[in-house]
Amino acid sequence: MTLKRNVLRMCAALVAAMTIGAIASSTAGAVSWYNYCGWQVAANSACSDSRSGYLIANTASYPGSGDVGVCERVVAAESGSQLSRRCDNRIVGSGTDLNGYGLIWKTATVGNDSNYKHTIDGTAYIP
Amino acid sequence: MKRKTYALLVAALALLAAAATGTAFAVGAVGGGDSDQEPAVILTEPTPAEAFAQKFKEQLSVTAGKPNGIEAGRVGITSRVRGANPDGARLARNSPNGGGIFVLPADEGVCIASDSGVEEGCYEEATVSASSVICAPGLPGDQVEVFGVAPDGIDKLTVVLADGSERTIAVERNVFVYRASKEAPRPLEVAWTTAAGERRAVPAHVPEDFRDGRCANPADPTP
């Protein structure tokens with residue numbers, strides 16, 4: 001009898017916990033992000049830092065003033081094939097390039113596309 | 001008998017709990033699982049940026065209204081963090097892929113978005129600005145594209161290539177597009193002549209190693 005009561009309590013607790021998780025998941029439609037790199041990157045080079053995950057977007061930006069070319073790149077982690085690579089002045093993002101690759105584990109990097117050392121910020125977005 | 005049933009039930013619940021925990025670990029691994037990385041935050045505001053160049057919006061004649069709008073889902077990440085407004089989109093021209101390229105008013109300057117997704121970027125300065133696409137699902141893997149914006153009054157530009165040759169391209173409603181094979185010389189600059197007859201140029205933002213790496217075929221489900 002005691003065992004039955006304990007099992008029922010466990011069931012109730014688990015259902016409650018799973019319900020809370022479901023609610024949290026359903027309300028967590030917003031996007032989260034991780035910042036990476038954020039330090040000085042040599043001229044015309046990629047940052048040694050990266051972020052991996054089921055990423056939905058990646059951006060590279062130059063936090064200072066003035067014109068600095070920045071690049072972003074996202075590759076399929078397993079094959080190494082590029083899914084997105086773009087460059088721009090001061091800020092660049094992967095656009096909608098990763099929309100069709102949701103279930104693929106990816107690695108995002110950023111780079112400095114200028115002739116001088118500059119700080120480059122990377123931001124990887126996850127659902 | 002009942003005890004066995006309960007034991008099985010407990011085991012099943014334990015498995016469920018383990019599966020849930022495993023999922024949590026998998027999510028936690030996103031971003032490398034570094035303990036010192038910044039915590040994830042909810043994306044509710046655009047990132048900080050430079051002061052808004054109001055004259056840029058005016059020069060690009062961005063007007064409200066949606067006569068030839070773009071679907072909000074086609075607006076890319078840069079435009080989103082820059083606060084681009086799809087409801088204010090103005091059709092500028094057609095993309096080489098087909099579909100439209102749009103100019104959108106943004107919190108700081110303007111952004112470009114396109115039906116094909118190839119052309120996407122944001123610009124704060126009231127001058128010619130160029131972006132490059134080296135790999136994107138809508139762009140053939142053996143090609144590179146340079147696109148961007150030009151203020152009113154500039155109807156043609158020159159793409160300066162690494163071998164010293166030049167290609168003249170048209171500006172249509174403030175937007176230009178240059179697409180070429182990756183076997184062709186690297187685009188270095190986008191140049192134009194001012195009303196005063198001065199030659200100006202901005203970088204095309206095509207990196208030296210733009211030919212490196214394989215670009216995934218979007219038709220491949222496992223790139």
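**View 1. Asn174(B) in the loop between two strands of chain B.** Asn174(B) sits in the loop between strand E8 (166-170) and strand E9 (175-181) of chain B. Strands are DSSP runs of E, at least two residues long, and helices are runs of H or I, at least four residues long; both are numbered from the N terminus. Phi of Asn174(B) is near 80°, a positive value in a residue other than glycine. Asn174(B) counts as buried because 23 C-beta neighbours lie inside 10 Å. (A residue is buried if 20 or more other C-beta atoms lie within 10 Å of its own, exposed if 12 or fewer, and partly exposed in between; C-beta atoms are placed from the backbone.)

The model is predicted: local features need pLDDT of at least 70, side-chain atom pairs count only at pLDDT 80 or more, and totals for chains, interfaces and linings use all residues. Residues are numbered from 1 along each chain as its sequence is written, while chains are lettered from A and ligands numbered from 1 in the order in which they are written.

**View 2. Arg90(A) in a loop of chain A.** Arg90(A) is placed in the loop between strand E6 (82-89) and strand E7 (91-93) of chain A. Phi of Arg90(A) is near 75°. That is a positive value in a residue other than glycine. Arg90(A) is buried, as 22 other C-beta atoms lie within 10 Å.

**View 3. Gly66(A) in another stretch of chain A.** The loop between strand E4 (57-61) and strand E5 (69-76) of chain A holds Gly66(A). Gly66(A) has 9 C-beta neighbours inside 10 Å, so Gly66(A) counts as exposed. Cys47(A) is 19 residues apart from Gly66(A) along the chain, and their C-alpha atoms are separated by 20 Å.

**View 4. The open sheet of four strands in chain B.** The strand order is E1-E2-E3-E4 (chain B), with antiparallel pairing. (Two strands pair if DSSP finds at least two bridges between them.) Strand E1 (90-94) and strand E4 (121-123) of chain B stand at the edges; each has a single partner strand, so one side of each is left without a neighbour in the sheet. The twist averages 25° from one strand to the next. (Axes are lines fitted to C-alpha atoms, for helices over the stretch in contact, and angles run from 0 to 180 degrees between N-to-C directions.) E1(B) pairs with strand E2 (residues 100-106) of chain B over four bridges, in the antiparallel sense. Arg93(B) has Ile101(B) in E2(B) as its bridge partner.
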